[in-house]
Amino acid sequence: MNWQFINDLQDIYSLLDEIGAQTAERDYPILWEKIHATSCAQIGRMLAEKRGLDVEGAALACALHDIGRWFSGRQNEHAPKGEEPVRAFLSQRAETKETKELIIQAVINHSKKEEVGSPLEEIVKDADILDCHWYGQDMTKPFHIARLRKALEDLNIQT
C-alpha cells in the first residue's frame, strides 16, 4: 500500500473541505472535485505505468491538475491559475525539485489539449479527458474528441 499517496489524498480532501466551506458559488461541487482528483490520479497511474513514466508523480499531478479551479471556483482560466496553489501544496512534499516543476507545468498546461506537451502533461491531459468521458461528459471540441479517441485506442478500448 502506498501510504504516502493516501496521505497526499487526505491532504487534498482536507484542502477541498476548507475551500468548500469558504466558497458558495462554484462551477463544480467540491464532491466532484474530490471524485475527479481521485479517479484522475488512478487513471494517471495506469497511463504512466503503460508509458514507462513515474507512476507516483503522474498520480499526484493528475490529482492536483484542477487546483486552480478549486481555489477560484470557476472553470475559466483555471489551469494557469493553478500555478501558485500547486507550488504551495508541493512545497511541503518530499518530491525532487525537478519532479515538482514537472507537476507544476502539467497543472498549468493541462487545458491545452490541442497541444502536445511533456510526457507528464500528456498523461494529465489524457487522464482528464478519459475521466470526464467515463463520467458522461459530452466531448464537443474536435481536439478533445481526437485526444479521447487516441487515449482509448492506446488503452485498447474500442469505441
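**View 1. The surroundings of Leu60.** Setting aside neighbours within four places in sequence, Leu60 is in contact with Phe5, Asp8, Phe89, Leu90, Glu95 and Ile103, where contact means heavy atoms within 4.5 Å. This is a predicted model, in which local features need pLDDT of at least 70 and side-chain atom pairs count only at pLDDT 80 or more, while totals for chains, interfaces and linings use all residues. Residues are numbered from 1 along each chain as its sequence is written, and side-chain values use heavy atoms, with hydrogens and water left out. Leu60 sits in helix H3, which covers residues 55-64; helices (H or I, at least four residues) and strands (E, at least two) are DSSP runs, numbered from the N terminus. Is Leu60 buried or exposed? With a relative accessibility of 1%, Leu60 counts as buried, a label given under 20% relative accessible area, with exposed over 50% and partly exposed in between (1.4 Å probe, protein chains only).

**View 2. Leu60 and Gly44.** Leu60 and Gly44 are 16 residues apart along the chain, and their C-alpha atoms are separated by 8.5 Å.

**View 3. Lys125 in its helix.** Lys125 belongs to helix H7, made of residues 119-134. Its relative accessibility is 1%, so Lys125 counts as buried. Which side chain makes a polar contact with the side chain of Lys125? That partner is Glu122, at 3.4 Å. A polar contact is a pair of N or O atoms within 3.5 Å; within protein, one must be able to donate a hydrogen and the other to accept it, and residues adjacent in sequence count only if both atoms are side-chain atoms.

**View 4. The neighbours of Lys125.** Not counting residues up to four places away in sequence, Lys125 touches Asn109, His110, Lys112, Lys113, Glu115, Val116, Gly117 and Arg147.

**View 5. Stepping back to the chain.** The protein chain has 8 helices and 0 strands. Its radius of gyration is 15 Å, close to the 15 Å that the globule rule gives for 159 residues, so the chain is as compact as a globular protein of that length; the radius is taken over C-alpha atoms, and the rule is 2.2 Å times the number of residues to the power 0.38. Along the principal axes, the C-alpha atoms fill a box of roughly 40 × 35 × 25 Å. Buried residues make up 46% of the 159 residues. Among contacts with a separation of 6 or more, 59% come from residues 24 or more positions apart.
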